Each structure stands twice: as C-alpha cells, then as structure tokens.
Amino acid sequence: MHLKNLELIQFKNYPKVQVEFSEEVNCFFGENGAGKTNLLDAIHYLCLTRSALLPLDSYHVMHGKEFFTIKGDFESHQQPLSVNCVFESSKKKRISLNGKPYQRLSEHIGLLPLVLIAPDDTLMINGGSEERRKFFDGMISQTDSHYLQLLIRYQHYLKQRNALLKRFAEEKRTDKAQLLPYDTQLVSLSQAIFEKRAAFLTEFFPYFADHYRAISGEKESVSISHESQVRKDNFSQSFAQSLERDVLLKRTHFGIHKDDYLFRLDKHPLKKFGSQGQKKSFLISLKLAQFFIFKMIKGTKPLLLLDDIFDKLDDRRIFHLMDRVARKEFGQLFITDARPERSKEILRNIQADTRYFTIKNNRILADESN
Amino acid sequence: MNFSSKLIENAVTEISRLPGIGKKTALRLTLHLLKQKAPVTSALTEALIKLRNEIRYCAICHNVADKEVCSICESTKRDKSLICVVEDLPDVLALENTNQYSGLYHVLGGVISPIQGIGPDEINIASLMQRILHPPSGTPVEEVILALPATMEGDTTSFFITRKLKDHGVGVSTIARGIPVGSELEYTDEITLGRSILSRIKYSAE
C-alpha cells in the first residue's frame with residue numbers, strides 16, 4: 001500500500017500545500033521548526049484518525065483559523081482509497097473514505113496500517129506503563145477491530161465508575177447496587193482484553209526477538225512479559241475486594257488499565273540496567289516487529305515514517321535499517337531530517353525511487369534533482 | 001443582524017432559541033406571522049401559554065397528561081400487567097405508533113450516567129419500584145419490558161433495574177436488537193450484526 005499524494009489546508013503551519021509522493025522513499029528536509037514532523041503527523045491522521053503528537057484536534061488548526069482539512073489518495077491491494085479528514089473548531093471531526101463519511105471513526109483504524117519511529121519512542125522504556133500500553137493497544141487495534149471496540153467500552157465504563165466513586169466520596173456514602181453494573185462489565189471486559197493482549201504478545205514476541213538479535217549482534221537474551229492483575233487466581237473476587245480502596249482513592253485501581261509490559265535483558269529490567277545502545281536496539285526492534293507483524297496480518301506493507309531518527313541512531317543501527325530498505329523489505333518510506341547532506345549520503349547507494357523535498361516558509365518544494 | 005424595529009428583534013431572538021432554528025429562519029417565521037391576520041398569531045401564542053401552564057405529567061408513569069393520570073394509564077383497554085420502561089417522552093410516541101403494544105409505560109426521564117451527575121435517584125426509578133410493588137390499578141405486574149437506548153448508559157440502567165427487580169417475582173425482558181427491516185446485511189454495522197447473530201431466534205415457518 002502507498003500514499004500517492006497529500007493536500008493540507010490550514011493544518012498546523014501549512015496554509016495550503018499539495019505534494020505528490022514517490023512510491024518508495026520520500027525525504028523531507030528543513031530547519032528545526034519548519035514543519036517536517038507536522039507533515040508526518042498529517043499522514044498519521046489519515047491512517048489512524050488522530051495525531052501522533054497531541055490528542056486535541058484543535059491544536060492542529062493553523063493559528064487564527066477555524067478549521068483544517070487533510071486529504072490523501074492511497075492505493076491498497078490495487079484499490080484506490082481516498083481519505084478526507086476535516087476538523088472545524090467546536091464541531092466533530094469528520095473522516096470520509098471515497099466520499100463516504102464514517103459513522104464511527106474507529107471503523108477506519110486498521111484499514112491503512114502505519115508504523116512511526118520517532119524520537120519520543122524512548123518514553124516506552126523510560127516512561128510509565130501507560131506508554132507501553134499505548135504502543136501495544138495501538139498495535140492490537142490496528143490488527144483486530146473487535147479489540148478496539150472492547151477497549152472503547154472498557155474506558156467508557158471505567159470513566160462512569162470513577163465518576164460514581166467521586167460522587168460517593170462527596171456524599172459520604174457508598175451504594176454497591178449502583179456500582180454493580182459497572183463492576184460486572186469491567187470484570188468481563190478485563191478478561192476479554194487480557195486474553196487478546198496475551199495472545200498478541202505470544203505472536204509478536206518471536207518477531208521482536210529475531211530483530212533484536214539481528215540488530216544488536218549481541219548474545220544477551222531479551223524478554224517482554226505482560227503483567228496483569230487479571231492473572232490473579234480469582235480476578236472478580238479481587239476486584240470486589242478492592243472496593244474499599246477504590247472508594248478511598250476515588251478511582252478504580254484494579255483492572256486491565258493497570259497492565260504493564262516489562263522489558264528485560266538477561267532477566268534484568270531494561271530501564272535500569274540497559275545501556276543507551278541496548279535501549280535503542282530494543283526500540284528499533286519493537287518497531288520493526290510491529291512493521292513485519294502488520295505486513296503478515298494485513299498482507300500489505302504498512303507505511304513507515306521515520307521522524308528525525310538519523311540524529312538519534314548510530315551508524316550501525318542506521319546501516320541495519322538501510323540494508324532492509326535496499327533489500328526492498330519496506331514499502332513506502334517517509335523520512336525527515338534537518339541535515340540534507342546526511343540523508344543524501346545514507347540513501348546514495350540505495351537503488352530506490354527517492355524523492356527529496358525541502359520545507360521552507362510553510363511550503364513544500366520538490367528538489368530539482370528529483 | 002440589524003433590525004429597524006426592536007419588536008422584531010425580540011421576536012427573532014426568542015424564536016431562534018428553539019432547537020434547529022437559526023437567526024434567518026427565525027426572521028422568516030417572524031415576518032410570516034406579521035403578515036397573518038391577528039387571530040392566527042394569537043391562536044399560536046394561546047396554545048403555547050396553555051401548553052406551558054396546563055401541561056401535567058402523569059402521577060403514575062410520568063408521561064405527558066392533561067389530568068393527574070394520563071390517558072394510557074387510565075384506559076381500561078390497556079393490559080395493566082405489562083410495563084414498558086422508556087427513557088423519554090418521544091419513545092412513548094414511537095412505540096404507540098407501532099400499534100403493537102397495549103400495555104402501560106414508565107418514563108424514566110433519563111438514563112444513569114455518573115459523568116453527567118445522573119444517578120438512580122435523579123430518574124424515575126423509585127416510582128417504578130413503587131408501582132410494581134403496589135400496583136395502583138390493583139392488577140399485579142407480571143412483566144417489565146426494558147426499551148432503553150442501545151448505548152452503554154442504556155445497558156447500565158437496564159442492568160440496575162433488573163437487579164432491583166430480581167427478588168420481586170416480576171419477569172424482565174428487553175426489546176430485541178438487530179437488523180432494521182428492509183436493510184441488507186452487508187450494510188449493517190458490525191456491532192449490530194454481531195449482537196444479532198449472538199441473540200438469534202428460532203425461525204417459525206408456521
């Protein structure tokens with residue numbers, strides 16, 4: 001699958017731009033703050049209905065304007081797919097596929113798989129469990145639409161239950177009968193989500209371990225373990241027993257929203273004991289495993305977005321990535337870099353249809369050498 | 001919008017408060033009313049004032065009523081052993097228009113949603129329990145039909161009511177959910193289709 005062109009209107013720093021892409025490699029150059037990442041974010045919007053950076057749509061409207069539009073023509077399995085995303089302030093975001101608007105945006109997720117490698121991926125290692133859940137949830141959602149529905153329902157019931165706990169705290173009383181509908185739903189959804197998460201990890205891990213071995217060339221063994229309260233022998237009973245603490249804390253602290261994925265190197269936590277190099281290898285391997293598991297499940301190569309990674313990776317890891325580009329293992333590639341000469345040097349020996357673009361003064365110019 | 005008359009401006013402002021009516025439509029309606037003979041306009045205003053002052057809500061089911069008890073609860077032709085629980089007034093009208101139901105109703109006036117500050121005490125659940133335990137007509141209630149919206153809040157409310165009724169020997173059912181009549185499977189959304197295959201029913205060829 002690939003993206004043929006992109007049109008932005010009043011999206012972030014772009015008043016109105018149109019770009020035609022190469023089916024293989026696309027490079028965007030520009031100084032810091034020129035809007036390279038915004039361009040990748042627009043592609044992220046078209047594939048996954050939202051920004052990779054900031055969740056609020058209103059932050060992406062050009063300063064002083066009322067709306068933004070993102071349009072793109074994709075081709076997937078020889079079918080043209082034209083996606084249009086419009087956001088108008090104080091209105092609901094609308095996304096349509098081939099002119100037909102979606103009733104639920106979640107229906108779009110998974111149609112156009114995408115993998116983004118970006119500088120803040122390091123949060124997955126150094127940040128809280130939320131970052132890791134976000135990564136795995138995003139991946140499972142793109143491969144299993146039922147999972148996304150379960151997750152949406154879970155989060156909604158959780159919000160309602162927490163609002164209820166807050167109210168009980170204010171009124172200084174607890175009514176178990178009112179909590180029961182939520183408890184029942186949360187327990188059964190927790191179990192269903194847990195099973196899907198566990199099954200996905202089993203499928204995902206071999207891909208990950210293979211890539212880690214190839215990239216690091218080192219002998220340490222890696223592991224990812226899925227930690228969840230659902231594993232406890234009697235989950236529904238434990239859930240019921242945690243009510244007292246829930247009332248005290250005014251929020252639900254038991255359930256799959258507390259799951260975590262522990263990354264380990266030779267049985268030691270990566271966060272504490274991994275070197276910078278090991279952490280980078282770990283991250284790239286997670287993302288490459290994501291790419292190849294999507295490719296296997298979807299039967300098409302996902303778009304691969306590399307945001308400013310030449311700056312963050314060393315030669316060895318760049319070589320590993322580029323070797324895969326050269327062997328045509330990836331599909332369409334979008335790369336941003338503040339230093340044109342570096343990217344051109346890296347891509348020079350690769351036989352691929354490569355297009356260079358320079359971003360300046362909120363415009364995107366195709367390089368003449370193209 | 002600038003009006004040469006303060007009177008027109010007032011009328012436009014008031015009319016444009018109605019749902020689905022903007023300033024332009026409000027102006028068109030105002031000018032239309034001005035062109036009519038005086039009694040036409042006063043008939044409208046009188047109807048509105050009367051509506052506001054004299055409308056009542058049925059003491060039993062909370063439906064709109066002209067008297068203390070609504071015409072449905074009062075009717076001798078309705079099956080008083082059946083109560084259909086709905087979220088709001090338009091739902092009663094929708095069900096009545098099907099001509100397929102001859103029991104009574106109970107209008108909750110909302111569904112449980114703690115995020116919006118709506119708990120069981122904010123909607124008419126206590127009065128539902130009351131009329132089931134002590135039927136005003138004397139006829140015992142045999143079945144409660146839950147006809148609440150197919151949303152998570154609707155489901156939560158249904159669950160809550162079902163639990164409350166558990167030990168009172170009343171049957172509880174819920175309206176079927178599935179594919180609209182006359183529509184194609186391929187255009188039905190996945191969740192509805194999934195639900196309808198799970199809760200499939202026996203086909204009768206009699």
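How many disulfides does a search of the whole structure find over all chains? The search finds 0, a disulfide being a pair of cysteine sulfur atoms within 2.5 Å.

This is a predicted model, in which local features need pLDDT of at least 70 and side-chain atom pairs count only at pLDDT 80 or more, while totals for chains, interfaces and linings use all residues. Residues are numbered from 1 along each chain as its sequence is written, chains are lettered from A in the order in which they are written, and side-chain values use heavy atoms, without hydrogens and water.

Select C58(B). C58(B) is buried (under 20% relative accessible area, with a 1.4 Å probe and protein chains only), at 2%.

Next, select C84(B). Its closest cysteine sulfur, in C61(B), is 11 Å away, too far for a bond. C84(B) also counts as buried, with 3% relative accessibility.

Now show chain A as a cartoon. Chain A has 11 helices and 15 strands; these are DSSP runs, H or I of at least four residues for helices and E of at least two for strands. Along the principal axes, the C-alpha atoms of chain A fill a box of roughly 70 × 55 × 35 Å.

Colour chain A by burial: 54% of its 370 residues are buried. Then turn to contacts (heavy atoms within 4.5 Å). Of those in chain A with a separation of 6 or more, 71% are between residues 24 or more positions apart.

Methods. Buried < 20%, exposed > 50% of the residue type's maximum accessible area, 1.4 Å probe, protein only.
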